[in-house]
Amino acid sequence: MAAMQSKQAHETKYAWAGGLTVFAAVMLTIAGLIAVFRGIMGIAEDDVFVATRNYVFEFDLTGWGWVHLILGAVAVIIGIGLFQPAMWARVGGVAIAGLIIIANFLSLPYYPVWSVVLIAMSGFIIWALCVSRKDDATV
């Protein structure tokens, strides 16, 4: 009886870990695609961005576009890698989500609402990747 409950608890734990990793993979891929599109808009100097004066982290809109484009492309690659049980993808996912948070914080005045949304989304990605351990994902 106890062995059966232990096996069921292990299977439940595995399902949680697998589900969170898939969640993180999908969300990181979506966040990366959004960052790529935001980067393209910034490079094209689209007028969807807010013009801000006297901002401490003032940077050319084209420069922010390249930052978001590169971070987005790396996030998509790592997001796809998260569908495989690879530790490099989990570590890379946490790192790139952290960089996305920093980039969106620094470019907050240019596109405020969407920056806050991506900061929150990236926070959930980091949480999902950190909650399950490597031994949780092995059967």
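Student: Which residues does asparagine 104 touch, not counting residues up to four places away in sequence?
Tutor: The structure is a predicted model, and asparagine 104 is found in its helix H3, which covers residues 87–106. Leaving out residues up to four places away in sequence, the residues that asparagine 104 touches are Arg38, His68, Ser115, Leu118 and Ile119.

Student: Does asparagine 104 count as buried or exposed, and why?
Tutor: The relative accessibility of asparagine 104 is 1%. The cut-off for a buried residue is under 20% relative accessible area. Because its value is 1%, asparagine 104 counts as buried.

Student: Which backbone oxygen does the side chain of asparagine 104 reach?
Tutor: A polar contact requires a pair of N or O atoms within 3.5 Å. The side chain of asparagine 104 reaches a backbone oxygen at 2.8 Å, and that oxygen belongs to isoleucine 100.

Student: Where does glycine 79 lie, and is this residue buried or exposed?
Tutor: Glycine 79 lies in helix H2. Its relative accessible area is 0%, and the limit for a buried residue is under 20%, so glycine 79 is buried.

Student: How far apart in space are glycine 79 and glycine 32, C-alpha to C-alpha?
Tutor: Along the sequence, glycine 79 and glycine 32 are 47 residues apart. Not counting residues up to four places away in sequence, glycine 79 also touches Ala25, Leu28 and Thr29. From C-alpha to C-alpha, the separation of glycine 79 and glycine 32 in space is 8.0 Å.

Student: Which helix gives the largest share of the nonpolar surface patch?
Tutor: The patch has an area of about 420 Å² and is made by Val22, Val26, Ile30, Ile80 and Phe83. Its largest share is three residues, and these come from helix H1, residues 2–43.

Student: Why does valine 26 count as partly exposed?
Tutor: Valine 26 has its place in helix H1 and is one of the residues that make the nonpolar patch. A residue is partly exposed when its relative accessible area falls between the buried limit of under 20% and the exposed limit of over 50%. Valine 26 is partly exposed because its relative accessible area is 35%.

Student: What is the C-alpha separation of phenylalanine 59 and serine 107?
Tutor: Phenylalanine 59 lies in the loop between H1 and helix H2, and at 42% relative accessibility this residue counts as partly exposed. Not counting residues up to four places away in sequence, phenylalanine 59 touches Trp64, Val67 and Tyr110. Phenylalanine 59 and serine 107 are 48 residues apart along the chain, and their C-alpha atoms are separated by 8.5 Å.

Student: Which residues does UniProt list for "transmembrane region", and how far apart are the end C-alpha atoms of residues 88–107?
Tutor: In an unreviewed entry, UniProt lists residues 20–44, 64–83, 88–107 and 113–131 under that name. In the model, residues 20–44 are 96% helix and 0% strand, with end C-alpha atoms 36 Å apart. Residues 88–107 are 95% helix and 0% strand, and their end C-alpha atoms lie 28 Å apart.

Student: What pattern does the chain follow, read along the sequence?
Tutor: The chain has four helices and zero strands. Read along the sequence, its pattern is α-α-α-α.

Student: What percentage of the accessible surface of the chain belongs to carbon and sulfur atoms?
Tutor: Of the 139 residues of the chain, 38% count as buried. The accessible surface of the chain comes to about 8,200 Å², and the part belonging to carbon and sulfur atoms is 74%.

How values were computed
Residues are numbered from 1 along each chain as its sequence is written. This is a predicted model: local features need pLDDT of at least 70, side-chain atom pairs count only at pLDDT 80 or more; totals for chains, interfaces and linings use all residues. Side-chain values use heavy atoms; hydrogens and water are left out. Helices (H or I, at least four residues) and strands (E, at least two) are DSSP runs, numbered from the N terminus. Buried means under 20% relative accessible area, exposed over 50%, partly exposed in between (1.4 Å probe, protein chains only). A polar contact is a pair of N or O atoms within 3.5 Å; within protein, one must be able to donate a hydrogen and the other to accept it, and residues adjacent in sequence count only if both atoms are side-chain atoms. Contact means heavy atoms within 4.5 Å. Patches are made of residues with over 30% relative accessible area and no salt bridge: like charges are joined within 9 Å, nonpolar side chains (Val, Leu, Ile, Met, Phe, Trp, Tyr) within 5 Å. Accessible areas come from the Shrake-Rupley method with a 1.4 Å probe; for residues, only the protein chains shown count as cover. A salt bridge is a side-chain nitrogen of Lys or Arg within 4 Å of a carboxyl oxygen of Asp or Glu. UniProt positions are given in the numbering used here, feature names are shortened, and annotations may be inferred rather than shown by experiment.
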